Amino acid sequence: MEPLEQRTIAKVSARLVPFLIVCYFVAYLDRVNVSFAALTMNKDLGLSASAFGFGAGIFFLAYFLFEVPSNLFLERVGARKWIARIMFTWGVLSGGMAFIGGETGFYVVRVLLGIAEAGFFPGIIFYLTLWFPAVYRARIIGYFMAAIPLSTVLGAPISGLLLGLDGIMGLKGWQWLFIIEAAPSLILSVVVLFYLTDRPADATWLPPQERAWLVRRLESEHAHRTSRHNLSVWQALLNPKVLALSLVYFGAVATNYGLSFFLPQIVKAFGLTNFQTGLVSALPYAVGVVSIVWWGHRSDRLRERRFHASFALAVAATGIALSTMFDNPVLKMLALSIAGFGIFGNLPVFWTLPTAFLSGAAAAGGIALINSIGNLAGFAGPYAMGAIKDLTGSYTGGLLGLSVLGFLAMTLVLVLGHDTSLEHAPEERPQRITP
């Protein structure tokens, strides 16, 4: 690596990645903290497992409908303004969850939360393609998406403690959980406006030579991709490979959300306190923090995507299936921790697949479509898990269903393949330096 490239990537990474991790940490915590609130909220509101699963998942139906328009709007107006808007509205609505009065209120606020948050994650993925050459993307996306398991590793024990605030100022513990955990997103929505820079050409915090190198490198990669796949937005949305990758992501998301929304309740059945439940529930996510960073970095280093994505999906599916074979809490959590390695190890590698052949507005639309279709599993997974639990009295059937979806996603990745040549621009000719 040339010193100029090394300096530039290091500065861009230091400037953007930690801040985006914090933003996504807060976003994901606000999205899934309902799983911990459910430990006491469901009884207070009279929610059955099916009703909770439907409410947890209906978020993603609204998310699906507004994802593509939101990301196209971000591409037009810039990430700084649009991400700030998203964070403010979801913070207000996440805090509003504290004041729902029953099943209907639960459904309504979850729908509004899905509308508010639509576009955040695919917007950030698209934003990262504007700043990082393809050879760095798996590790950078891995660092960013480490916020997902971190939100549970750190957020689970905190959520368990917040449930203990029951009775303060006449509010239930689960109400305090929603109120307190909504505050950071409201604060960050203001910070985003002043901190983020929309594109490298506007990065006055980079020295001119480094800024020029980054713009030139990214433009070269863009030209290389468009010479092979010059897609319009509509062509990207209807592209067979984009649609196939949407199905892959559906299986990957199903393994994640189907498990995460019910994991605290599975663990609580071991006979633990709320705080202990939070600690034990964090174990698969602690493994996920390691895998999401290491596996993405390994994929970049070896410049290989197909095996890394499919192997991780196979590990996720196998771990979930194995967990149904054990009643022993230690063995069950060991199997779920193995699943955690695969669930999170797959994510950063997966997102290198569409960004290898999509650019510009086509990338904004295609990434959003893949994420929106994939996140329909966020509705189907929790709803199916809850319905099967009510029907059978066990989570086994639901977990096995998630495992099957993981194996199907793995198979599709192997069938699709991946052209790694699309990730690398032709070598730039040395420029003549005029004295």
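Author: Let's start with contacts, bearing in mind that this is a predicted model. Among contacts between residues at least 6 apart in sequence, 84% join residues at least 24 apart.

Reader: What makes a pair of residues count as a contact here?

Author: Heavy atoms within 4.5 Å. By that rule Trp351 touches Phe121, Ile125, Ile141, Met145, Tyr249, Ile367, Ile370 and Asn371, leaving aside residues up to four places away in sequence.

Reader: Where else does Trp351 turn up?

Author: In the largest nonpolar core, which has 136 residues; Met41, Phe120 and Trp351 touch the most other members. Helix 1 (residues 3–32) gives this core its largest share, 15 residues.

Reader: Why is that set called a nonpolar core?

Author: Because its members are buried residues of types such as Leu, Phe and Trp, joined through side-chain atoms within 4.5 Å.

Reader: And what share of the chain is buried?

Author: Buried residues make up 58% of the 435 residues, where the cut-off is under 20% relative accessible area.

Reader: How do you know that the overall size fits a compact globule?

Author: A compact globule of 435 residues would have a radius of gyration near 22 Å, and the chain has 21 Å, so the two agree. Along its principal axes, the C-alpha trace spans about 75 × 45 × 35 Å.

Reader: How many helices and strands are there?

Author: The chain has 21 helices and 0 strands.

Technical notes:
Residues numbered from 1 in each chain as written. Predicted model: local features only at pLDDT ≥ 70, side-chain atom pairs only at ≥ 80, totals over all residues. Heavy atoms only, no water. Buried < 20%, exposed > 50% of the residue type's maximum accessible area, 1.4 Å probe, protein only. Helix = DSSP H or I, 4+ residues; strand = E, 2+ residues; numbered from the N terminus. Rg over C-alpha atoms; globule rule 2.2 N^0.38 Å.
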